[in-house]
Amino acid sequence: MQDTAQTLAETALATEIRACRLCAERFAATATAHAPRPVVWFRPGARLLIAGQAPGARVHESGRPFTDPSGDRLRDWLGIDEATFYDLSRVAVVPMGFCFPGYDNKGSDLPPPPVCGRTWHNRVMAELADMPLTVLVGGHAHRYHLGARGAVTETVAAWRDHAPRVFALPHPSWRNTGWLKKNPWFETDLLPVLRARVKEVLHDPGNPD
Ligand code: SF4
């Protein structure tokens with residue numbers, strides 16, 4: 001798929017992250033024994049930041065963020081197609097861990113390695129300052145960006161406290177399908193406001209607020 005990666009040069013910081021191998025030993029000790037492959041997807045000037053958790057196995061293979069069913073659901077929540085989602089001039093995707101962390105003994109993805117956030121996140125956020133819209137995907141992003149300490153449901157239910165510049169969402173994983181059924185207000189109340197805001201910031205670059 002064509003995207004703007006070829007035409008928008010990445011920053012020195014992005015190149016530095018792409019070469020990071022800090023978690024090589026940690027990942028070698030997991031069941032998949034994989035090597036680090038940072039999925040780096042941001043350029044200064046983007047207007048929508050998707051702050052996620054960590055790539056899954058499919059994204060580890062593709063090297064592009066959200067090339068999986070979670071991505072399909074997330075794009076539906078945002079009301080944007082793939083061409084827009086992968087337009088680096090408009091959308092940045094920055095997870096709390098840039099690499100696939102491997103699986104735990106139940107077959108779930110391990111949490112993002114804390115060393116990743118400590119090493120890179122503040123520097124990346126400095127390059128992406130003054131973002132008109134930040135979408136936080138999952139509890140790890142809620143904790144870093146909002147200092148949230150409560151349950152994900154509590155943080156998402158309080159979405160009006162941070163809108164319209166920040167929206168806290170659950171993770172779009174199929175594992176949260178039950179959560180979506182239990183919390184219908186997410187689709188009826190939050191999503192229409194989020195989609196309108198996405199449209200506004202992506203289609204009206206002259207309006208920063
Ligand atoms: S998860 Fe982060 S800190 Fe660990 S190797 Fe990947 S980029 Fe480096």
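This is a predicted model: local features need pLDDT of at least 70, side-chain atom pairs count only at pLDDT 80 or more; totals for chains, interfaces and linings use all residues.
Residues are numbered from 1 along each chain as its sequence is written.

**The whole chain**

Show the protein chain as a cartoon, and you can follow ten helices and four strands; these are DSSP runs numbered from the N terminus, with helices being H or I of at least four residues and strands being E of at least two. From the N terminus on, the order of the elements is α-α-β-α-α-α-β-α-β-α-α-β-α-α. The radius of gyration is 16 Å, close to the 17 Å that the globule rule gives for 209 residues, so the chain is as compact as a globular protein of that length; the radius is taken over C-alpha atoms, and the rule is 2.2 Å times the number of residues to the power 0.38. Along the principal axes, the C-alpha atoms fill a box of roughly 45 × 40 × 30 Å.

Next select residues 39-195, which the UniProt record, in an unreviewed entry, annotates as "domain: Uracil-DNA glycosylase-like"; such annotations may be inferred rather than shown by experiment. Over this stretch the chain is 41% helix and 12% strand.

**The core**

Of the 209 residues, 37% are buried, where buried means that 20 or more other C-beta atoms, placed from the backbone, lie within 10 Å of the residue's own, exposed means 12 or fewer, and partly exposed is in between. Now select L48 and V135, which have the most contacts inside the largest nonpolar core, a set of 47 residues; such a core joins buried Ala, Val, Leu, Ile, Met, Phe, Trp, Tyr and Cys residues through C-beta atoms within 7 Å. Among the elements that each supply at least two residues of this core are β1 (48-52), β3 (133-137) and α10 (185-203), and α10 gives the most, with six residues. Leaving aside neighbours within four places in sequence, V135 is in contact with L48, I50, A51, F167 and L169, contact meaning that the two C-beta atoms, placed from the backbone, lie within 7 Å.

Move on to helix α7 (residues 139-146), where G139, H140, A141 and H142 are buried. The buried residues of α7 pack against β1, β3, α8 (152-157) and β4, and the helix is followed by G147, whose phi is positive, near 65°.

Return to C99, which counts as buried, with 27 C-beta neighbours inside 10 Å. Leaving aside neighbours within four places in sequence, the contacts of C99 include C23, P36 and A54. Then show the ligand, which 14 residues surround, the closest being C20, C23, P36, C99 and C116; a residue is near a molecule if its C-beta atom, placed from the backbone, lies within 6 Å of it. Helix α6 (residues 114-127) gives the largest share of this shell, three residues.

**A last stop**

Finally, select R73 in helix α4, a residue that is partly exposed, with 18 other C-beta atoms within 10 Å. R73 and P172 are 99 residues apart in sequence, yet their C-alpha atoms are 5.9 Å apart in space.
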